[in-house]
Amino acid sequence: MPVSDTIGQVTSVSQLSDVRPTDWAYQALASLVEKYGCIAGYPDGTFRGNRALTRFEMAAALNACLDVVSDRFATKEDLATLQRLSEEFAAELATLRGRVDNLEARTANLEATQFSTTTKLSADAVMAFQVGGNTRQVVDPVSTTTFTGGSYNPTVISKVEINLNTSFRGTDLLTTTLEVGNNGLDTFGATGIGTQGLIAGGAVDYGGVGLPVGLSRLFYSFKPTEDLTIGVGPQFYPSDIVDANSYANDSFTDFSSNFFINNPLIVPYAVNDPGGAGVSIEWNPRGGFFTLRGVYVAAQASAPSGVPTGGGLFGDPYQGTVELEFARAFGANERNNFAVRLQYTNSSSLNISQNVGGVNVELTLGKFGLFGRYAYSDMKLYGDGATIDGLGPFAVSPGVFPRGGRVNTTAQTWMAGLAYRDLLTEGSLLAAAVGQPFINSLASAAGINDSTQTNYELFFRYPLSDNISITPVFMAITNANNSSTNSPILQGLIRTTFSF
């Protein structure tokens with residue numbers, strides 16, 4: 001029978017909410033409870049006296065009475081009646097005893113072989129086949145390497161994350177994530193698009209992870225009060241805490257390229273890619289519509305302050321972000337909801353200091369969704385007397401950027417997309433997005449910062465089962481590295497994700 005219908009012993013007839021003194025059987029039930037203590041009720045506090053009793057339920061109730069009566073005084077007539085009932089239900093009683101014995105054996109085996117009483121294990125694995133290239137050429141201004149057109153050599157990319165989630169008190173969580181992959185690169189990553197510098201706008205988020213197995217996340221959170229969560233850890237990511245979006249947030253299940261997963265100015269790639277040590281706070285007063293979040297992460301917290309970029313808990317690269325979210329459902333459709341997140345980031349990464357304001361929005365109307373991100377940055381770029389350290393795609397020309405000193409600029413980024421859920425089958429997601437990672441006011445020259453990179457991505461996630469999904473993806477980038485001389489880059493990808 002279902003667990004919710006399991007009967008249990010009661011000690012007073014008043015415990016049965018559907019039994020009243022005016023019921024014709026009330027006195028009989030009261031006598032059985034008070035005299036023999038062998039009346040059973042259901043977990044919801046009812047007796048359900050008007051429904052039919054199965055033979056298994058009768059056997060269970062009778063067995064309870066036998067256990068009680070055997071230790072108490074009973075008349076000869078009582079014992080004779082119980083003996084007849086015991087003989088009549090002998091088969092059912094034997095079946096029940098066998099089930100109990102089997103359950104006890106299975107429970108003992110589970111306790112002896114279980115992984116942990118406090119830890120739950122889950123895993124996500126992705127395997128992707130991709131092919132892509134550019135029509136003419138793409139120049140990587142960091143290495144000054146020129147990638148000629150027509151390089152459509154396919155690659156295979158894989159990544160596995162194993163998550164150990166441990167709770168010691170029920171209101172806390174220790175997250176340990178182990179990560180391993182085949183160090184695969186996609187077309188964008190191979191040309192340096194979206195893997196360094198100011199533009200984090202191309203390479204697949206699960207690429208470039210290799211052997212050996214590494215510690216990807218070690219983070220502990222706890223709730224000193226019901227509405228407040230505090231976290232601390234030596235290895236986690238700003239995007240674990242801020243800049244979430246229901247449609248563009250996870251490279252295992254939605255967009256593949258890192259630009260569409262996180263805002264590159266609110267969550268700088270130089271901090272969020274390696275992760276680091278820091279603290280976080282999340283406050284949701286009375287479980288209402290507003291949530292306040294804050295996070296600080298130092299990407300080289302384990303390094304001494306003498307490293308070139310500063311290092312330590314308070315040295316470059318670091319970021320501190322505050323986010324205020326308003327989220328609520330509306331209308332008759334239970335799927336309708338709206339969320340807006342106002343964001344502020346102060347960061348120093350690769351000798352680039354920023355004060356950034358941003359917004360992250362999403363709207364769901366039944367199966368249809370709209371979403372987007374925007375940020376504006378007041379940016380200062382610091383040189384070392386010879387070059388401007390770590391400018392990635394922009395540290396290429398003394399004629400454009402003065403050597404040494406400081407360069408001030410403003411920067412903007414935006415992305416917008418739409419999505420449709422449950423197309424063809426429940427759990428599917430069709431989504432597309434477009435955006436520009438880095439619009440800036442820096443000086444330009446021919447082929448250098450004279451245009452704006454634009455990213456496009458379209459995917460369709462189709463679940464084959466509760467644990468397996470397959471996702472065809474198409475991605476394109478025009479004016480890569482903000483250069484008009486770079487030809488469009490096209491990429492097709494088929495991603496298979498396993499979750500268990």
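Two strands pair if DSSP finds at least two bridges between them; strands (E, at least two residues) and helices (H or I, at least four) are DSSP runs, numbered from the N terminus. This is a predicted model, in which local features need pLDDT of at least 70 and side-chain atom pairs count only at pLDDT 80 or more, while totals for chains, interfaces and linings use all residues. Residues are numbered from 1 along each chain as its sequence is written, and side-chain values use heavy atoms, with hydrogens and water left out.

**Exercise 1.** Determine which strands pair with β18, and why β18 is largely enclosed.

*Solution.*
1. On one side, β17 pairs with β18 in the antiparallel sense over seven bridges; here leucine 429 stands opposite arginine 461 of β18.
2. Strand β19 also runs antiparallel to β18, joined to it by eight bridges. Methionine 475 in β19 is the bridge partner of glutamate 457.
3. Four residues lie between β18 and β19, which form a hairpin.
4. Seven of the ten residues of β18 (residues 454–463) are buried, so the strand is largely enclosed by the rest of the structure. Buried means under 20% relative accessible area, exposed over 50%, and partly exposed in between (1.4 Å probe, protein chains only).

**Exercise 2.** Describe the largest nonpolar core and the surroundings of tyrosine 206.

*Solution.*
1. A nonpolar core is a set of buried Ala, Val, Leu, Ile, Met, Phe, Trp, Tyr and Cys residues joined through side-chain atoms within 4.5 Å.
2. The largest such core has 28 residues, and those with the most contacts inside it are Tyr206, Phe255, Phe371, Met415 and Leu493.
3. Among the elements that give two or more residues to this core are β3 (119–134), β16 (406–421) and β20 (489–499).
4. Apart from this core lies another, of 20 residues, including Val271 and Phe438.
5. With neighbours within four places in sequence left aside, the residues in contact with tyrosine 206 (contact means heavy atoms within 4.5 Å) include Val126, Ile157, Lys159, Leu493 and Arg495.

**Exercise 3.** State whether leucine 228 is buried or exposed, and identify its contacts.

*Solution.*
1. Leucine 228 belongs to strand β9 (residues 228–236).
2. Its relative accessible area is 19%, so leucine 228 is buried.
3. Beyond its neighbours within four places in sequence, leucine 228 is in contact with Phe222, Lys223, Ile281, Glu282 and Trp283.
4. Leucine 228 and glutamate 282 are 54 residues apart in sequence, and 5.8 Å apart in space, C-alpha to C-alpha.
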